[in-house]
Amino acid sequence: MFRLLQTITKNLIIAIPIMMGAGFLYGLFFDAGWLKSMIVPFTFLMVYPMMVTLKVKSVFEGGDGKAQILTQLINFGLVPFLAAAVGLLFFGDRPYMALGLLLAGLVPTSGMTISWTGFAKGNMSAAIKMTVIGLILGSLATPVYVEALMGAAIEMRLTAVFRQIVYIVFLPMALGFLTQRFLVARYGQSAFKKTLGPKFPPLSTLGVLGIVFVALALKAGTIAGSPGVLVDILIPLALLYAVNFTLSTVVGKWMLPRGDAIALVYGSVMRNLSIALAIAINAFGDKGSDAALVIAMAYIVQVQSAAWYVRFTPHIFGVGREVPAEAEGA
């Protein structure tokens, strides 16, 4: 079972479209209303496992301060406004799809930031720190950015969104940290790192696939009535990721050494789509399903673009030494 989950996690580019298709077919032929009751358990399954392996202590390690500052300046000073502008351009009359694009640009980094940095032979220590800092800052900043950039276009209560952030991010984070401490105390750091820890992140893939299934089932009628909506979503997503990759590459190549530059690219382009998906479908009710559809499609663009970028990394930054990669979640 564990190996199967690992295989699925490494092949999200295939698994996500399959679950999208399955969800669409289910919603087309069956009553999908009861699936709303599965949102909370799928959300917990999606978020909690990735928190168990989160290396919070890495925030206090030094040595790459410039890369960290540049990464977060891009993450919070540029990308949210870029996402909002692209959303306004392409979804001016569909505010909740614009919300999905904004959410996809608001919570930076995921465990795959670390993995892709390793695959590209970048500075994985810097990538781990970016992941922790980006997750915490992004979770705190998301309600504020949504209110400031889209408050007039969508229905939202700031306190309600903050409450959902606590339930979706910080409660699982606390439980994950306690689980990590218990397992380390019981079995030792070495056993946790080599054997126990790696078993958790693939579990979050089940939550991701479950939420994607639910999101598509709930939107099946809309998609069937206007199938071109999927193309309408892919175009702005591709534009957002293309601009983000280009901007981060230029900044990294110009201002940082090779390893830090690669970490910056993956630390500022990879988004925590699991958290974004959970916020969309939990904090905005039925209307959040439009945003969830956009985020589900973002998985396809993000994974595919990250994989292709690894192939071109030697041509962009030169060949680096081999660095072992640690997969720490989807």
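I checked handedness first: α3 and α15 cross left-handed (the near helix is turned anticlockwise from the far one by less than a right angle; clockwise would be right-handed). This is a predicted model, so I kept in mind that local features need pLDDT of at least 70 and side-chain atom pairs 80 or more, while totals for chains, interfaces and linings use all residues. Numbering starts from 1 along each chain as its sequence is written, and side-chain values use heavy atoms, without hydrogens or water.

Next, the angle. The axes of α3 (residues 39–52) and α15 (residues 273–283) come within 10 Å and cross at roughly 155° (lines fitted to C-alpha atoms over the stretch in contact, angles from 0 to 180 degrees between N-to-C directions). That makes α3 roughly antiparallel to α15 (over 145 degrees). Helices here are DSSP runs of H or I, at least four residues, numbered from the N terminus.

I then looked up who touches whom, with contact meaning heavy atoms within 4.5 Å. On α3 I noted Ile-39, Val-40, Thr-43, Met-46, Val-47 and Met-50, and on α15 Ser-274, Ile-275, Leu-277, Ala-278, Ile-281 and Asn-282.

Last, the core. The largest nonpolar core has 100 residues, and Leu-103 is one of those with the most contacts inside it (a core is buried Ala, Val, Leu, Ile, Met, Phe, Trp, Tyr and Cys joined through side-chain atoms within 4.5 Å; buried is under 20% relative accessible area, 1.4 Å probe, protein chains only). Helix α16 (residues 288–317) gives the largest share of this core, 15 residues. I listed partners of Leu-103 beyond four places in sequence, including Val-146, Ile-279, Phe-284 and Ile-295.

Terms used. Helix = DSSP H or I, 4+ residues; strand = E, 2+ residues; numbered from the N terminus. Parallel < 35°, antiparallel > 145°, perpendicular 65-115°, else oblique. Buried < 20%, exposed > 50% of the residue type's maximum accessible area, 1.4 Å probe, protein only.
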